[in-house]
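Here is a friendly walk through one model, from its domains to one of its sheets. Have the viewer open as you read.

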Amino acid sequence: MLSEVKVSTIINISKEIRKSILDMALSAGSSSSHFGGSLSNVEIIATIFSIMKKYKMNDKNYYKRDRFILSKGHGCLAYYAALAHFNFFSKKELKSFEKNDSFLLGHPVINRKLGIEFSNGSLGMGLSLGIGVAFAGKIKKNDYEVYVLMGDGECNEGSVWEALMAAPHYNLNNLTAIIDRNNYQQTGSGEEIMSLGNLKQKTISFGWETKELNGHDVPSLLNCLTKKNQSKKPRMIIANTIKGKGFSFSENNNSWHHAIMTKSQYDLALKELDK
Amino acid sequence: MKNLHFKLDEKNSKIYSRIGSRATFGLIALDLAKKIDNLMILTSDVSTSAGLDRYRKSFPDKYLEVGIAEQNLIGIAAGLASENFNVFTTTFAPFQTMRCCEQIKVNLGYMKQKVCLVGLASGLVLGPLGYTHCCVEDLSIMRSIPNMAVISPADCGETAKTIYASLLYKDSVYIRLTGGSNSDIIYTKDYEFVIGRNDIIKEGDQATIISNGAILSESLKASYLLDKKGISTRVVNMHTIKPLDVDNIKKIAKTSKLIITVEEHNIIGGLGSAVAECLSTLNSSPPQLFIGIPDSYKKSGEYEYLKREYKLTSELIFRQIGEKYEQLGQV
């Protein structure tokens, strides 16, 4: 049974993450930020971070931590906000997003001290890394979980399908891939740019243990992610989401894929967040 | 692992040269699996070509078949490396370097996950299969990626030395294997092999040939012909193209009237370019003759045929150098 408290905690964390995303988007100013694709994965990241085993690098149990890989590296606003929320670094650091010499660039740069597992941003590479890490866990009999958050746009990359083929082949049931299915990519809808068809059927036919759910519904996410994977196969979650989720001006508005936030938009968004 | 050392002797140098560089890799892998923990060798459906059949059967838990999917190969390798595995990947050189070039850049270069890449049958040795399988571009591409060392061993003994040294090296390493079976032997006894330090294998005080890989033996033979002609020729094994042994090149520049680079690679971006980048920083340096593939895909064919076509046999190297040397005084 899921505790209601936990669901409400995650909902609150999601709200905090959205607030931090607004702050970063505003402070990024003219260098702009990947706003829409960060907002679609807020609940997914909030839920994973709430349930995963988290250890800092100087902790003796560090090697036991669950590994989270943000394959869709441009969705890093939500990732950085979650890392700050869980005290991997201070929230003040978020202000340095995309600033000169910052460790928080527009795509994650590996920094294990700060909880950033890998550098990502070139699309279609994260799942392969996840397979390597999951494989290492199997060989060393270290029972951490590996979570890879992917975008639906990056599924245009052939490398994604190489990895989709491999993970079930190796029976990596310690690996969970989540596809943030927001149906948009940089210059249009997925249907216009390159249709992916039925991702659920495709991944099932590749051998994944696939579930489809609403990627903004915390109880569904929590229920799915906390269930022990009884199968030999890796888990795939197709999370149907809304790009730009949370704010009237950005939801399903692809001009917020990578955009500059004005102060008036920021103020409006804050009001909507508090509703 | 720090005590890892490979000792070369006359016997093993002969065995390795007979079986060729690829099978040498497979034999060395068997040794390494017994000596070090956390070894993982990943291939893209080339275990036989890489001489890894015995390894695959003997150490199934230290071997991972990734299928014909080189991008995934590098990603998985980097994931394993990040969990402290000592990782080798291998496939034919074009697929090992170019098919997954950006994965190498991001995972090994940018992210500094250490993986040793073994490019099989590089250069022209697979000529009968055509230029999809020949590889005359890898040095140039791999050496432009930061945090990546690039090595082209001169013979099979040096291939063994390189594999051992790469494991201990701080960065990722691209190991370019050239030549076929029954390949020429340069080293018959043990010597000190250091990544980034070149090796003068023959002294001479007029011309200097800088070469590496299997084609070094043709260069060495050419140097004896030049000596006979009265052009005393030094031969340098520049097995490491990156990091380049800049100090030694500077010394060579001071004591040579002509520098010749000989490579089984496009003359754009490879060994010749690396040497020229160094020479061009000097106030004065001798002229350089670039011998290699002249930025083209000619008709293909057998290895020996292609070496003749590209003027990479000892006799043709000798002639080109002789002509160039004679022109020196005429300027």
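## Two domains in chain B

Chain B splits into domain 1 (10-176) and domain 2 (199-328), with bounds that come from an automatic or database domain assignment. Taken over C-alpha atoms, the centres of domain 1 and domain 2 of chain B are 26 Å apart.

Where they touch, domain 1 of chain B contributes 20 residues and domain 2 of chain B contributes 28 residues; contact here puts C-beta atoms, placed from the backbone, within 7 Å. On the domain 1 side, α6 (138-143) and β5 (148-151) of chain B are the elements that give two or more residues. Helices (H or I, at least four residues) and strands (E, at least two) are DSSP runs, numbered from the N terminus.

## How the model is read

This is a predicted model, in which local features need pLDDT of at least 70 and side-chain atom pairs count only at pLDDT 80 or more, while totals for chains, interfaces and linings use all residues. Residues are numbered from 1 along each chain as its sequence is written, and chains are lettered from A and ligands numbered from 1 in the order in which they are written.

## A parallel sheet in chain A

Over in chain A, five strands make an open, parallel sheet ordered β1-β2-β3-β7-β6; strands pair if DSSP finds at least two bridges between them. β1 (67-70) and β6 (209-214) of chain A are the edge strands, each pairing on one side only.

Within the sheet, β2 (residues 146-151) and β3 (residues 175-181) of chain A run parallel and are joined by six bridges. A:M150 has A:I179 in β3(A) as its bridge partner.

Methods
Two residues are in contact if their C-beta atoms, placed from the backbone, lie within 7 Å.
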